[in-house]
Number of protein chains: 2
Amino acid sequence: MSLIVQKFGGTSVGTIERIEQVADKVARFRGDGHSVVVVVSAMSGETNRLIALAHEIQDRPVPRELDVLVSTGEQVTTALLSMALNKRGVKAKSYNGSQVRILTDDAHTKARIRDIDDERLHADLDEGYVVVVAGFQGVDEQGNITTLGRGGSDTTAVALAAALKADECQIYTDVDGVYTTDPRVVDGARRLDRITFEEMLEMASMGSKVLQIRAVEFAGKYNVPLRVLHSFKEGPGTLIALEDSSQMETPTIAGIAFNRDEAKLTVVGVPDMPGIAHRILGPIGDANIEVDVIVQNVADDKTTDFTFTVARGDLNRAQDVLKQVAEDINARDVRSDSKIAKVSVVGVGMRSHAGVASQAFAALAEVGINIQMITTSEIKISVIIEEKFLELAVRALHSSFGLDKEPQDETPA
Amino acid sequence: MSLIVQKFGGTSVGTIERIEQVADKVARFRGDGHSVVVVVSAMSGETNRLIALAHEIQDRPVPRELDVLVSTGEQVTTALLSMALNKRGVKAKSYNGSQVRILTDDAHTKARIRDIDDERLHADLDEGYVVVVAGFQGVDEQGNITTLGRGGSDTTAVALAAALKADECQIYTDVDGVYTTDPRVVDGARRLDRITFEEMLEMASMGSKVLQIRAVEFAGKYNVPLRVLHSFKEGPGTLIALEDSSQMETPTIAGIAFNRDEAKLTVVGVPDMPGIAHRILGPIGDANIEVDVIVQNVADDKTTDFTFTVARGDLNRAQDVLKQVAEDINARDVRSDSKIAKVSVVGVGMRSHAGVASQAFAALAEVGINIQMITTSEIKISVIIEEKFLELAVRALHSSFGLDKEPQDETPA
């Protein structure tokens, strides 16, 4: 029998009725003989209610006290779920972050996990208890309560799975798995049985909101098999794990990711000399604006054009910064365009398969889409295109790489 | 400068506005140079809200998890009050029971305090922090969260004051002090400047709801000066402490207490033989019925009458038990009367003053009240009378012992 860590988010435990449903599910796994650790978030709305109380007092409450305040939300859920399990004849025990103990640094409201003491949990698991742990929180070396920041419950679950050497970490959500692309854009999008950590990271960073990036990184680092499942529907979900060594050949492409939230800035007529990229992007970084794609072509005469993308909400601020920069470096002009989007083809298989890039460009060309910028990584090719072509591009690529087809063997986990 | 522990109950911290008012008060004490530890309850209504959630799941939730659940209520208040203090430029830090650490036994929902670690609190106080502690809760030796049961926040405050060797423990309430008797019964009732622990215990057990009996016992045991004050009105309150040795003579009588919640049971024609009291009261105790006053007169012939009082709500059950007992011991009859009340004259001074009893009986005789039962302790004389004479009796005694008069010197603390 295996040791499973299961994480349920705020919506999944948002009412007593849903907590009872979660208890049913956990009891079933326990009944099958598995050892189970459950990580829970605060009931949906509770964290916001607590923060609103704090904001009645202060706009910027002391982070230490904010952590003391909001950490009660998960603690409430752990107690209620333990009761619901006990009611079902399943021995259960709640733990808050400090009781486990989940040791973090002292960066209140955005702490990072340093260590987890697995001794007490293992003792309880050995005695047949289901252990219910408050997500999102820990304790620093001085015994102060810390929180990992919003969404941190995924990270708690993965960290616990790593510390306890669990066989699987199951993240229950409101979707039944990870898809080849957004089903709202492509009808033929299908749930993936399996995806690698790296692919998931690329998909996640492109706006796929299924999992916290931080949790995926953590899982990859400690090789914790992650499974994304629907809280209230049955199904195998999607396993996020290392490449499947039992398969002779990995599928070339896992999926098509995209992001509408991009805006493009071009500094035109930049003198072609060393250090110019830093003189442009330094002030942007100083203004706390994150840059995504960067492209600089070789200069044709003595000047070049320097283009990069930022989140759309940062465009105005970035423009203001760049105007000053352009003057300083004697550039000709600053142009911007917020009507762009990024589309990416993601898959570890492309490492060993030549021609993925040219196949992608061909597919886009076939439907008449002009590519404005291109960047590539080992497992991803991204293009920036006009926003109005986004859906068309995603569908063309999804179909070109054979993702529409039903998979050969859909084996439930 | 002194070290003060201040306790604010659920009503005093029931809204953000009231928490701000409490912060004003605490800040004032801190501004005067005192070291301050604040003990808070959950915001009024919060504990009930949490218990209602639990009861949606189970009528009798596991006590361990109930403690995990309700202990969040006080934790929320500690964070909010700390924020409100920080906002006023007063350095403040919250602590829950486990952080302090308030070590208790493992009797969940009614735990008893065993030990308090004062090291961290002293360190914070030395650094000028106001320390805000969650009342009502602690932690057992295994690190499980425990609660002291309802009203336990008073006990937390007194226990902290004892552990920290505080100069005074201030309990803020919705009354401005302890009165010579209930002002709703006697217009001339007046606030006492000072009362002894023993007197307070006798007054409290008679239905004066100002303080938890347990907290007064605790304070007496460790000689912690307690002060009862109004949360939102200024005033010196009432100091509960050892007898004032600076006074040449202690006032004879502190106050008149009374209790309507009494019912009387008489077993008539009880054979006068050893062990009979136990054969009557044993089954009553087994039925978890608490007995208050007990009177057995010397037997006139071969039988005697055995009378005792119970809480009115227990009368029916007590009658059922007694009917069987009367048969077993061959008694003649069981009679009961729920229309009785108990009135007590309380005061440590009566130890050294003869004639208090006769003065009390004379005062009652003067207004034509018949005394049904009498019991006495070193510092209390109680009589059982017909309920309809209660107010009359209290007024007569209050006036007879000179309690109506304005006190000679009302020195603010």
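Residues are numbered from 1 along each chain as its sequence is written, and chains are lettered from A in the order in which they are written. Because the model is predicted, local features need pLDDT of at least 70 and side-chain atom pairs count only at pLDDT 80 or more, while totals for chains, interfaces and linings use all residues; side-chain values use heavy atoms, with hydrogens and water left out.

**View 1. An open sheet of six strands in chain A.** Follow the order β14-β15-β13-β16-β18-β17 through this antiparallel sheet. Strands are DSSP runs (E, at least two residues) and helices are runs of H or I with at least four, numbered from the N terminus; two strands pair if DSSP finds at least two bridges between them. At the edges stand β14 (291–296) and β17 (373–377) of chain A, each with a single partner strand, so one side of each has no neighbour in the sheet. On average, neighbouring strands are turned by 30 degrees against each other, direction ignored.

**View 2. The pairing of β17(A) with β18(A).** These antiparallel strands are joined by five bridges, with β18 covering residues 380–386 of chain A. Look for Thr376(A), whose bridge partner in β18(A) is Ile381(A).

**View 3. Helix α10 across the sheet strands.** Helix α10 (residues 315–329) of chain A lies across β13 (255–271), β15 (303–310) and β16 (333–346). Its direction is at about 25 degrees to β13(A), where axes are lines fitted to C-alpha atoms (for helices over the stretch in contact) and angles run from 0 to 180 degrees between N-to-C directions.

**View 4. Two annotated positions, Thr47(A) and Glu74(A).** An unreviewed UniProt entry places the feature "binding site" at both residues; such annotations may be inferred rather than shown by experiment. They span 28 residues in sequence, yet no two of their C-alpha atoms are more than 8.7 Å apart, so they gather at one spot. Thr47(A) sits in helix α2 (residues 46–57), and Glu74(A) in helix α3 (residues 63–87). Beyond its neighbours within four places in sequence, Glu74(A) is in contact (heavy atoms within 4.5 Å) with residues including Val40(A), Thr47(A) and Phe136(A).
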